[in-house]
Amino acid sequence: MEVAVLVYDGVFDSGLAAMLDVLDGANGLAAEVADPPTWNVVTVGLRPEVRTGAGLMVTAESCSRVESADLLIVPAVAERRPPQLLDFISGIESAPIRDLIAATCARGTSIASACTGTFLLAEARVLDGHRATTSWWLAPIFRNRYPSVDVDQSSMVIASGRITTAAAAFGHVDLALSIVRDTSPALADLVAHYLVVDERPSQSAYTITSALAQHDPTVAAFERWVREHLADPISIPDASRHLGISERTLQRAVGSILGISPIRFVQNLRVERAAHLLRTTDQSLESIARKVGYEHPNTLRVLIRQRTGKTTAALRSTSR
């Protein structure tokens with residue numbers, strides 16, 4: 001596979017290095033598996049030399065190499081501040097990057113990106129109508145700016161058509177492993193073992209729900225009310241009346257900010273609280289279930305597995 005990794009001024013250093021290191025590691029270990037695949041990786045840029053977000057200089061070959069590539073990888077932008085991120089991805093400075101992404105997609109070439117890099121793909125309009133993911137804390141901003149993209153903030157890696165996106169800064173590792181796994185699952189497992197990388201199918205376990213809720217005053221007020229009533233049967237109509245809004249308004253607010261229904265949001269808050277109690281106390285699962293509003297502990301057990309990818313026993317053993 002011919003792989004072009006795009007570098008540009010302000011690229012996220014760890015993301016770039018992770019992509020290169022994992023693919024290089026896969027090439028180095030390829031002889032250990034049957035029918036070994038290989039990746040010919042080239043770093044391309046708009047100029048022969050670019051400066052990363054940390055100030056390092058990286059040499060690059062011409063972007064014309066992308067025309068013969070099977071895959072274009074766009075690492076993240078090294079920018080954590082949403083206003084500045086939006087200024088960059090929509091500004092004149094990144095216009096050539098967006099044009100390159102759009103032209104590459106139009107040729108039918110596969111594209112992959114992670115974290116803030118997914119904003120560049122969305123701004124180039126290649127994600128319209130696709131499922132995608134990004135860092136959980138940027139999901140509300142992404143969802144508001146790109147309503148034509150189906151955002152799943154819980155997933156770590158999502159493949160939709162010829163486009164693959166990954167979540168979070170160090171989701172670049174997961175993205176690179178997914179590229180290897182598409183061709184050779186055995187080789188991907190081998191690389192993960194050598195790098196001591198655990199599989200992370202979801203970023204839900206890392207999500208700070210209250211941080212997401214603060215993007216909208218209605219959602220923030222709903223979150224506070226739910227936390228005060230976690231142990232009680234929760235009614236969305238009752239919550240709406242308490243907040244002085246219609247049920248439809250609440251549904252719309254939660255959906256636009258979090259991309260989920262109010263009921264699912266309530267479940268997430270209950271799972272978050274239960275997981276905390278499992279990690280920090282010796283209370284029984286039955287007791288914890290009642291404290292977060294579930295009569296039957298098995299209901300909580302299933303939800304925890306679905307939301308965090310871990311069993312209740314694993315959460316307890318991790319804390320120990």
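Predicted model: local features only at pLDDT ≥ 70, side-chain atom pairs only at ≥ 80, totals over all residues.
User: How is the packing of two helices described?

Analyst: Two packed helices are described by the angle between their axes and by the distance between those axes. In this model, helix H9 (residues 217-228) packs against helix H10 (residues 236-243) at about 120°, and the axes lie 10 Å apart.

User: Which term describes how H9 and H10 lie to each other?

Analyst: Angles of 65 to 115 degrees count as roughly perpendicular and those over 145 as roughly antiparallel. H9 and H10 are therefore oblique to each other. The crossing of H9 past H10 is right-handed.

User: Which residues make the contact between H9 and H10?

Analyst: H9 contributes Thr218, Ala221, Phe222 and Trp225, while H10 contributes Ile236, Asp238, Ala239, His242 and Leu243. Sorted by class, this contact of H9 with H10 has six nonpolar residues, two polar residues and one charged residue.

User: Where do the side chains of strand S6 point, and are they buried or exposed?

Analyst: In a regular strand, the side chains alternate between the two faces of the sheet. In S6 (residues 71-74), Leu71 and Ile73 point one way and Leu72 and Val74 point the other way. All of these residues are buried.

User: Which strands pair with S6?

Analyst: Strand S1 (residues 2-7) pairs with S6 in the parallel sense over three bridges. Strand S7 (residues 110-114) is also parallel to S6, and four bridges join S7 to S6.

Conventions
Residues numbered from 1 in each chain as written. Heavy atoms only, no water. Axes fitted to C-alpha atoms, helices over the stretch in contact; angles between N-to-C directions. Helix = DSSP H or I, 4+ residues; strand = E, 2+ residues; numbered from the N terminus. Parallel < 35°, antiparallel > 145°, perpendicular 65-115°, else oblique. Left-handed = near helix turned anticlockwise from the far one by under 90°. Contact = heavy atoms within 4.5 Å. Nonpolar A, V, L, I, M, F, W, Y, C, P; charged D, E, K, R; others polar. Buried < 20%, exposed > 50% of the residue type's maximum accessible area, 1.4 Å probe, protein only. Pairing = 2+ DSSP bridges.
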